[in-house]
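Please look over the sequence and the model below before reading on.

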Amino acid sequence: MTTSSPLTDVPASPHSVWEDVFGMATGVILVSFGLYLLEAAALVTGGTAGLSLLLSLGTNWGFGLLFVVVNLPFFLLAVRRKGWVFSLKSAASIGAVSGIAYLHPHFLPLPALADDPLSGIYVAIVGNLMAGTGLLVLFRHGSSLGGFNIVALIAQEQFGWRAGYVQMVLDLCVVIGSLFVVPASNVLISALGAAMLNIVLVLNHRPGRYTGY
């Protein structure tokens with residue numbers, strides 16, 4: 001005889017506008033601060049956020065501007081495959097992360113951490129766990145940070161592939177590309193951090209597990 005949880009038969013209830021606003025703000029702050037920690041340690045992560053960090057380390061362009069520019073082609077994909085609501089939520093999240101990226105150094109300046117391997121490992125773990133948790137919150141409120149997030153979510157919905165695994169493969173490409181910009185030791189630490197971020201998504205964002213948005 002099979003038994004089910006009392007919650008099994010409860011229909012999914014979409015988030016209210018207030019819940020979406022608060023949830024997206026929470027996700028944006030977690031992601032942006034996690035990326036700020038990584039930038040201070042000259043580390044990269046995956047996704048278009050990691051690609052933008054990588055480009056900012058190799059050029060004089062700011063992360064916020066690069067993050068918007070890199071995500072523009074993926075926004076068009078989101079409009080076509082995910083609809084306007086998801087796309088506009090994602091655009092708002094991308095803009096917020098880009099804007100907040102300029103606030104962290106003013107309110108909480110950090111010393112350069114690139115020369116301390118132990119600090120780098122700590123920052124890679126904490127920064128990526130924060131960013132991964134922030135992404136998870138955004139996903140669960142029908143938003144994303146564009147780029148690889150959109151590709152991963154579409155692959156999960158269309159083919160049943162876990163978004164975390166898809167994101168992990170794409171992130172690996174970014175981390176490998178960082179060999180041309182940052183020292184090999186930083187690349188190894190960055191790879192550890194990117195794995196932590198994707199583990200958060202693999203364990204907590206599975207097809208059919210969460211239907212609240």
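Predicted model: local features only at pLDDT ≥ 70, side-chain atom pairs only at ≥ 80, totals over all residues.

Residues are numbered from 1 along each chain as its sequence is written, and side-chain values use heavy atoms, with hydrogens and water left out.

The secondary structure of the chain comes to 9 helices and 0 strands, where helices (H or I, at least four residues) and strands (E, at least two) are DSSP runs numbered from the N terminus. Of the 213 residues of the chain, 44% count as buried; here buried means under 20% relative accessible area, exposed means over 50%, and partly exposed lies in between, with a 1.4 Å probe and protein chains only. Among contacts (heavy atoms within 4.5 Å) between residues at least 6 apart in sequence, 75% join residues at least 24 apart.

The unreviewed UniProt entry carries the annotation "transmembrane region" for residues 21-38, 58-79, 91-108, 120-139, 159-181 and 187-204; UniProt positions are given in the numbering used here, feature names are shortened, and annotations may be inferred rather than shown by experiment. In the model, residues 21-38 are 100% helix and 0% strand, with the end C-alpha atoms 26 Å apart. Residues 58-79 are 82% helix and 0% strand, and the end C-alpha atoms of this span lie 31 Å apart.

Which residues form the charged pairs that join separate parts of the chain? A search of the whole structure finds 2 salt bridges, a salt bridge being a side-chain nitrogen of Lys or Arg within 4 Å of a carboxyl oxygen of Asp or Glu. In one of them Asp20 pairs with Lys89, the closest N and O atoms being 3.0 Å apart. This pair links distant parts of the chain, with Asp20 in helix H1 and Lys89 in helix H4 (residues 84-100), 69 residues apart. Asp20 counts as buried because its relative accessibility is 12%, and Lys89, at 19%, counts as buried as well. Leaving aside neighbours within four places in sequence, Asp20 is in contact with His15, Lys89 and His141.

A salt bridge also joins the side chains of Lys82 and Glu157, at 2.4 Å from N to O. Lys82 lies in helix H3 (residues 63-82) and Glu157 in helix H7, so this pair ties together parts that are 75 residues apart in sequence. Lys82 counts as partly exposed at 23% relative accessibility, and Glu157 is partly exposed with a relative accessible area of 46%.

Turning to helix H2, Leu54 has its place there and is buried, with a relative accessible area of 8%. Not counting residues up to four places away in sequence, Leu54 touches Val44, Val174, Gly177, Ser178 and Val181. The C-alpha atoms of Leu54 and Val182 are separated by 8.5 Å, although these residues are 128 apart along the chain. In the loop between H1 and H2 lies Ala42, which has a positive phi of about 55° although it is not a glycine. Most residues other than glycine have a negative phi.

The last topic is empty space. Rolling a probe the size of a water molecule over the atoms shows where such space is left. A cavity is a set of points, on a 1 Å grid over the protein atoms alone, where a 1.4 Å probe fits but cannot get out, and lining residues have an atom within 4 Å of a point. Grid points are joined across faces, edges and corners, and a volume is the space filled by probe spheres set on the points. The whole structure holds 2 cavities of 30 Å³ or more.

About 120 Å³ of space lies in the largest cavity. The lining of the largest cavity has 17 residues, of which Gly46, Gly47, Ala49, Leu135 and Asn149 lie nearest its centre. H2 gives the most to this lining, with 3 residues. The second largest cavity has about 60 Å³ of space, and the residues lining it include Ser32, Tyr36, Glu39, Phe63 and His104. The largest share of that lining, 4 residues, comes from H1.

Technical notes
1 Å grid on protein atoms, 1.4 Å probe; cavity = no way out; pocket = protein on both sides within 12 Å on 5 of 7 lines; lining within 4 Å.
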